[in-house]
Amino acid sequence: MLEIKEVSFKYSSRDKAGNDFPALGPISLNIESKDIYAVIGPSGCGKSTLLHLLSGVINGHAGEILLDGKQLSPKRHSIGFIPQSYGLLPWKTVEKNCLLSLKIKGEKAELNKKITSVLTRLNILDLKDRYPKELSGGQKQRVAIARALIMNPDLLLMDEPFSALDALTREEAQSLFIEVWEEYKPITIFVTHNIDEAIAIGNKILIMSEGPGKVIEIINNPLFNQKDIREKEEYFKLSTYIRSIIKNGWRVNSHE
Ligand SMILES: Nc1ncnc2c1ncn2[C@@H]1O[C@H](COP(=O)(O)OP(=O)(O)OP(=O)(O)O)[C@@H](O)[C@H]1O
Ligand SMILES: [Mg+2]
């Protein structure tokens, strides 16, 4: 379980008054193993900041973050992080980028089998010898996902990983991701701007307030892992409800 206890974060200020800038929280969450949290919130509310804190890219937060009872740390835990800009190394091929995540010394044949299986499922096996600059945005996103999943992380953090895809490819990428995720089921936090995507991905949907972002609501998603969700009445109800929160300025309507 991932426990986020009263976590808040301020960036050190560069303004004349010298005030630090509160970017996040305080927020508290208990995320169970095998949960995928889809996180939506207004631009600038602190979603990327939250993922940067969890991945150890930035530190210095108030509050506590525990994974399975121990303080979360990239030294202790394996954390897969797909940043908003893919995080691929330009001078390494697709295959070498994928191998980077494997700190564990496995049998070479075993590792190759794993890479081949994940790349095949994500439809990018034929690209394994290419360099990132030879890939489209969507292909880069798939390589980043393959890399994060191959390492079999304790915690998977994804920052708008499908934002560069057109609508149809995006839906395909979502289903593919859930299919591959099913094999490993790491605790996952998936940031998106897209309501439709939040409903397609998350078993929980977390809605954040304007910055410094706090938790407005956590919705149990009844449509998680179902087929053809966009044709269901529950889908329409849920997306209308989330839209009403956004229209209300990212606040739950107290009259409802
Ligand atoms: N390095 C930084 N120094 C100072 N302020 C920062 C820094 N990075 C982000 N911020 C500010 O912190 C707030 C939260 O930023 P963050 O990137 O976490 O938002 P976000 O929710 O991911 O937004 P978006 O949806 O646009 O990606 C914003 O007001 C942003 O301007
Ligand atoms: Mg962001």
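Aromatic pairs and exposure

Q: How many aromatic pairs does the rule give?
A: The count comes to 5 aromatic pairs; rings of Phe, Tyr and Trp (its six-membered ring) pair if their centres lie within 6.5 Å.

Q: Why is the pair of Phe162 and Phe177 called edge-to-face?
A: Planes under 30 degrees apart count as stacked, over 60 as edge-to-face and the rest as tilted. The planes of Phe162 and Phe177 stand at 65°, with ring centres 6.4 Å apart, so this pair is edge-to-face.

The model is predicted: local features need pLDDT of at least 70, side-chain atom pairs count only at pLDDT 80 or more, and totals for chains, interfaces and linings use all residues. Residues are numbered from 1 along each chain as its sequence is written, and side-chain values use heavy atoms, leaving out hydrogens and water.

Q: What makes Phe177 count as buried?
A: Buried means under 20% relative accessible area, exposed over 50%, partly exposed in between (1.4 Å probe, protein chains only). Phe177 has 0% relative accessibility, so it counts as buried. Phe162, with 1%, is buried too.

Q: What is the pair of Phe177 and Phe190 called?
A: This aromatic pair is tilted, with 45° between the planes and 6.1 Å centre to centre. Phe177 lies in helix H5 and Phe190 in strand S8 (residues 187–191), so the pair ties together parts 13 residues apart in sequence; helices (H or I, at least four residues) and strands (E, at least two) are DSSP runs, numbered from the N terminus.

Q: Why does Gly69 count as exposed?
A: Gly69 has 52% relative accessibility, so it counts as exposed.

Notes
Chains are lettered from A and ligands numbered from 1 in the order in which they are written.
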